[in-house]
Amino acid sequence: MKKSFRLAAAAVALASIAGTGMAGVAQAKRGEDREIRNVIYLLGDGMGRTHVTAARERYYGADGKLVMETLPHVGQNRTYSIEPGSGQPGEPDFVPNYVTDSASAATAWSSGVKSYNAALGVDGKGKSHATVMELAKKAGYRTGNVSTAEITDATPAGQMSHVLMRGCQGPDYSAKACQNTEVTGKELPTDDIRVTPVADQIARNGTADVIMGGGLARFDAADEQALKDQGYTVLGSPAAQRVATESDMNRVKAKKRKQNKVFALYNKGNLTIEKSKRENPASAEAKEPSVAEMTRKSIELLNTNKGKKGFYLQVEGALIDKRSHANDAAQTLEETKAFDEAVRVALDFAKKDKHTMVIVTADHECAGFNIIEKGTYTNAEAATPPMNVDSKNTANNSTPSRPKGGAVDPKRSSGIINGEGNEDPANFGPATFRTPDDPAGVTDGSEDASLWLSYLSGNHTGADVPVYGYGPGSQKVSGSIENTDLFDIVGQALRVTR
């Protein structure tokens with residue numbers, strides 16, 4: 001059915017949600033937290049510890065470092081979710097699910113509660129909870145949300161919407177698919193915000209001042225008008241389904257002491273992998289900005305409140321996860337590096353600003369990424385890895401694809417070919433890559449390359465993920481923390497939670 005959005009009722013619902021947890025915005029603390037005016041929260045979707053290690057070795061060698069690894073505070077983040085209907089940890093009816101999806105993970109750091117896989121902005125029993133971005137917006141901060149996925153996808157949507165089922169995105173959808181009677185016990189009326197498509201909520205609730213990413217096909221003419229009515233500069237056109245470009249983005253200038261509001265989606269689906277843009281410079285997709293470029297422009301547009309209140313920006317490198325689902329080691333590494341360049345932009349700003357907290361983490365690990373010993377192999381890769389959630393959506397241009405067989409080197413593998421060079425009949429199961437430590441002449445895909453990589457599955461794992469911190473208060477990420485702790489760390493830094 002075509003979406004039906006009851007604006008007045010939904011506006012009341014959103015106002016109610018934004019008010020929860022706001023029984024008086026917490027007062028600024030004495031000491032270092034008082035120094036924080038801005039928080040930049042960067043999320044590498046699916047980026048486990050091995051993703052970081054492999055990308056470092058691939059591009060910088062054994063003795064090198066990614067930018068994120070230069071941040072002074074390091075911890076690990078527990079990622080488990082809960083079953084539908086479950087209470088929170090410590091409650092009598094708590095039932096864990098050890099492998100999270102991106103939606104329940106996003107809910108954890110955005111709203112501070114554990115939830116079930118597929119939930120956004122609601123707890124295990126379907127109750128809505130305010131997000132950090134909603135609280136920051138209400139408290140007078142500028143807000144931004146950047147992703148290389150569709151902006152209605154789990155990670156960005158987790159800050160800007162409340163739905164029972166993450167697939168309830170819009171514009172065309174089954175109303176029943178937005179319901180979850182297992183949690184609510186009954187079907188909810190269509191004017192309940194929790195069954196309202198994510199795109200409708202994003203276009204009307206004004207939670208993020210700057211929105212950049214993919215997913216234009218999720219929005220339509222009514223959404224474009226709603227955005228313009230709120231004062232957004234809309235780059236491209238949802239009504240005409242005309243995507244924005246990097247040139248469009250660069251023409252937008254920050255207005256000092258004014259509320260820049262920009263909505264820019266650069267692809268009808270997910271943004272394009274960096275390799276494809278590089279190899280096809282004349283294509284329309286090559287006109288998309290990188291995640292680092294979107295981060296730089298968003299900071300420029302948001303850094304206009306020069307007084308007490310600053311900004312809160314979330315940035316997602318989503319294609320790390322998409323390419324890990326596809327067991328594509330080469331592009332998993334390149335997308336990790338591209339995300340790390342966004343971390344560089346954030347860190348450079350924070351070092352100059354001196355009042356900015358930077359947090360870098362992941363929602364979960366994807367696909368059981370492994371660095372294996374040179375000359376060895378694994379046959380644990382699935383012939384047909386599970387598809388990405390929402391892979392049937394025509395707007396999603398990152399559907400995993402991988403051959404179901406092919407020529408292999410029987411000395412090393414009887415398993416599935418993966419990674420760069422997968423159409424080369426001389427290639428074999430483990431993906432191999434040269435590193436800066438290799439002698440001249442060693443090439444990717446050869447058995448002489450020193451970095452050997454494999455996958456255990458095509459889906460998420462329950463492994464803890466790394467978290468890095470820079471700036472006043474960021475030492476709180478050190479050690480072993482829950483993903484829900486990140487809600488408190490960010491909220492307290494911005495003085496919007498107690």
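## Backbone geometry and packing

In this predicted model, P171 sits in the loop that runs between helix 5 (154–160) and helix 6 (181–184). The peptide bond joining G170 and P171 is cis, with omega of about 0°. Most peptide bonds are trans, and most residues other than glycine have a negative phi.

The chain as a whole contains 14 helices and 17 strands. Of its 498 residues, 60% are buried. Among the contacts with a separation of 6 or more, 74% are between residues 24 or more positions apart.

### Positive phi values

Two residues in loops have a positive phi without being glycine. K354 has a phi of about 70°, and A367 has a phi of about 80°. K354 belongs to the loop between helix 13 (329–353) and strand 10 (356–361), whereas A367 belongs to the loop between strand 11 (365–366) and strand 12 (370–372). Are these two positions buried or exposed? K354 is exposed, because its relative accessible area is 57% and the threshold for that class is over 50%. A367 has a relative accessibility of 0% and therefore counts as buried, the limit being under 20%.

### Helix pairs

Two packed helices are described by the angle between their axes and the distance between the axes. The table sets out two such pairs.

| Helix 7 and helix 8 | within 8 Å | roughly 20° | five nonpolar, no polar, three charged |

Helix 7 covers residues 198–205 and helix 8 covers residues 221–229. Their axes cross at roughly 20°, and an angle under 35 degrees counts as roughly parallel, so helix 7 and helix 8 are roughly parallel to each other. On the helix 7 side, the contact is made by A199, D200, A203 and R204. On the helix 8 side, A222, D223, A226 and L227 take part. Residues three or four places apart in an α-helix point the same way, because there are 3.6 residues a turn.

Leaving aside residues up to four places away in sequence, H51 touches G46, I320, S324, T332, T336, E365, C366 and F369.

### Covered helices

Helix 11 (residues 291–302) has 12 residues and reaches 16 Å from its first C-alpha to its last, close to the 16 Å expected at 1.5 Å a residue. Nine of those 12 residues are buried, so helix 11 is largely enclosed by the rest of the structure. The buried positions are V291, A292, M294, T295, K297, S298, I299, L301 and L302.

Helix 14 (residues 485–493) is likewise mostly covered, with seven of its nine residues buried. These are L486, F487, I489, V490, G491, Q492 and A493.

### Aromatic pairs

A pair of aromatic rings is described by the distance of the centres and the angle of the planes. With ring centres required to lie within 6.5 Å, the count comes to five aromatic pairs. One of them is formed by F219 and F263, with 5.2 Å centre to centre and 75° between the planes. This pair is edge-to-face because its angle is over 60 degrees. F219 lies in the loop between strand 6 (210–214) and helix 8, and F263 lies in strand 8 (residues 262–265), so the pair ties together parts that are 44 residues apart in sequence. Both F219 and F263 are buried.

Notes:
Residues are numbered from 1 along each chain as its sequence is written. This is a predicted model: local features need pLDDT of at least 70, side-chain atom pairs count only at pLDDT 80 or more; totals for chains, interfaces and linings use all residues. Side-chain values use heavy atoms; hydrogens and water are left out. Helices (H or I, at least four residues) and strands (E, at least two) are DSSP runs, numbered from the N terminus. Buried means under 20% relative accessible area, exposed over 50%, partly exposed in between (1.4 Å probe, protein chains only). Axes are lines fitted to C-alpha atoms, for helices over the stretch in contact, and angles run from 0 to 180 degrees between N-to-C directions. Angles under 35 degrees count as roughly parallel, over 145 as roughly antiparallel, 65 to 115 as roughly perpendicular and the rest as oblique. Contact means heavy atoms within 4.5 Å. Ala, Val, Leu, Ile, Met, Phe, Trp, Tyr, Cys and Pro count as nonpolar, Asp, Glu, Lys and Arg as charged, and the others, Gly among them, as polar. The expected span of a helix is 1.5 Å times one less than its number of residues. Rings of Phe, Tyr and Trp (its six-membered ring) pair if their centres lie within 6.5 Å; planes under 30 degrees apart count as stacked, over 60 as edge-to-face and the rest as tilted.
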